[in-house]
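Okay, thanks for coming, everyone. Have a look at what's on the screen, and I'll talk you through a few spots.

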Amino acid sequence: MLTRPRVNAGLLPVVLLVGGALLFGVFVWLVGWQLGADSAVYRAGALTFLHGDPLYDPERLSTLPSWVALPFTYPPAAALLFVPLTALPSGLTWGVLAAGSVLSLAVVVRLGLRPAPASWRRWPVVAGLTVLALGLEPVWKTIFLGQVNLLLLAALLLDLLVVGARGSRWGGVLVGVAAAVKLTPLIFVVHLFLIGRRADAARALGTFAVLQGVMFAVMPRDAIRYWTEAATDPDRVGSVHWIFNQSLNGLLNRATELAPWSLPVALAIGAVLAVPSIWLVRRLHARGEALAAVLVSGFLALLISPVSWTHHWVWAVPLIVLLAAKGRYWAALAVTAFFGSAFIMFVPNGGETEFGWGLGFGVLGNGYVLAAAFGLLAVAALELRKRAKLV
């Protein structure tokens with residue numbers, strides 16, 4: 001006698017949450033609201049690739065809606081990976097990505113709860129925490145813009161904490177795919193090497209290289225132009241000194257009023273921060289704290305990337321969940337308040353405003369950068385103290 005497959009009823013809250021996001025996306029499409037400037041760029045980039053038109057020549061893609069005026073700033077392979085979006089009506093792209101982002105957010109929350117008691121890992125709890133996470137500035141801004149940050153974060157965590165951790169031959173592949181969309185996940189190739197998963201590191205780098213190689217074969221002119229021009233021009237994605245670029249490079253460009261040496265100095269500071277970060281990654285992973293080790297690499301990537309918009313800081317989600325799962329509730333609340341307050345939205349900005357901030361606004365306007373840099377150093381200091389006590 002055939003039996004129906006059992007469905008985990010506990011998943012219902014997450015299903016309803018994702019379904020609600022999709023229904024809202026359909027509503028947005030039907031009423032003609034203009035949401036998801038970045039999702040429009042993804043779709044337009046894929047259409048441009050399919051039409052055989054240049055991706056990086058024009059300032060604005062010809063297939064973009066009239067209300068969006070942005071260039072395609074992603075690696076060539078991203079255009080290939082965005083091709084499925086071309087099957088959607090233009091206005092529905094945002095809704096589908098919003099639903100995918102909510103689902104990815106739930107996955108990230110669930111993975112962050114792995115150290116917590118079993119009762120915390122139930123899907124209704126995950127759904128509740130997912131709703132709370134929607135209030136964090138990097139999260140709601142990611143969804144509002146139609147960005148893929150949450151999808152990439154979920155893919156990275158699944159690869160680093162689940163697929164590769166189980167010894168699968170697919171380990172590293174999702175890291176390579178994520179890096180093909182946005183270059184910063186390449187730091188996890190180094191991360192995999194540091195924690196001894198060298199085969200996964202090779203697969204990640206190989207996946208990334210194969211995807212780029214495909215684009216050199218099918219659109220060589222654009223691929224060459226990207227890797228010789230666009231990839232080394234941070235200004236292409238917007239004003240690097242704008243407050244919402246929360247990277248070391250952004251901080252230094254604001255502090256020096258766009259001095260030409262800002263990026264080299266930012267990279268030098270990043271190299272200094274990489275020293276304790278590498279030690280932390282190896283130490284935390286060896287102690288069985290795999291997610292904590294991944295978070296060190298994730299936040300270091302945000303600091304050293306020439307451009308880290310505030311919506312890239314969705315790494316705050318697994319950090320908060322991990323702190324709560326380990327019983328560090330006050331720390332979790334502090335980080336939640338920090339990213340949930342959206343204080344950075346209220347600091348004067350735009351044009352050359354950032355150049356005249358002074359100390360007070362300078363600290364607030366570089367809040368994400370300073371918190372991450374000092375946070376990494378503080379964690380390293382605490383680990384050194386623990387080590388000294390054991391000696």
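This is a predicted model: local features need pLDDT of at least 70, side-chain atom pairs count only at pLDDT 80 or more; totals for chains, interfaces and linings use all residues.

Residues are numbered from 1 along each chain as its sequence is written, and side-chain values use heavy atoms, with hydrogens and water left out.

When I say helix, I mean a DSSP run of H or I with at least four residues; strands are E runs of at least two, and numbering goes from the N terminus.

Back to α12, residues 248–256. It's mostly covered, with 7 of its 9 residues buried. Buried means under 20% relative accessible area, exposed is over 50%, and partly exposed is in between, using a 1.4 Å probe and protein chains only. The buried ones in α12 are L248, N249, G250, L251, L252, N253 and R254.

Helix α9, residues 187–194, is mostly covered too: 6 of its 8 residues are buried. Those are I187, F188, V189, H191, L192 and L194. What's covering them? The list includes α7, α8, α10, α13 and α14. And after α9 comes G196, again with a positive phi, near 90°.

Now for helix pairs. Axes here are lines fitted to C-alpha atoms, for helices over the stretch in contact, and the angles run from 0 to 180 degrees between N-to-C directions. Helix α1 (residues 12–31) and α4 pack at about 160°, with axes 7 Å apart. So α1 and α4 are roughly antiparallel; the cut-offs are under 35 degrees for roughly parallel, over 145 for roughly antiparallel, 65 to 115 for roughly perpendicular, and oblique for the rest.

Who meets whom? On the α1 side, residues including V14, L17 and F24 meet a set in α4 that includes W94, V102 and A106. By class, the residues of that contact are 14 nonpolar, 2 polar and no charged. For the classes, Ala, Val, Leu, Ile, Met, Phe, Trp, Tyr, Cys and Pro count as nonpolar, Asp, Glu, Lys and Arg as charged, and the others, Gly among them, as polar.

Next pair: α2 (residues 37–51) and α4 (residues 93–112) have axes that come within 9 Å and cross at roughly 110°. That makes α2 roughly perpendicular to α4. S39, Y42 and R43 of α2 make the contact with T93, W94 and L97 of α4, where contact means heavy atoms within 4.5 Å. This one has 3 nonpolar, 2 polar and 1 charged residues.

Let's move to the core. A nonpolar core is a set of buried Ala, Val, Leu, Ile, Met, Phe, Trp, Tyr and Cys residues joined through side-chain atoms within 4.5 Å. The largest one has 120 residues, and W315 is among those with the most contacts inside it. Helix α14, residues 290–304, gives the largest share, 11 residues. Leaving aside neighbours within four places in sequence, W315 is in contact with residues including L157, F188 and F299.

Last stop: A380, in helix α18 (residues 367–390). Is A380 buried or exposed? It's buried, with a relative accessible area of 6%. A380 and W279 are 101 residues apart in sequence, yet 8.2 Å apart in space, C-alpha to C-alpha. Beyond its neighbours within four places in sequence, A380 is in contact with P276, W279 and L280. That's me done, thanks!
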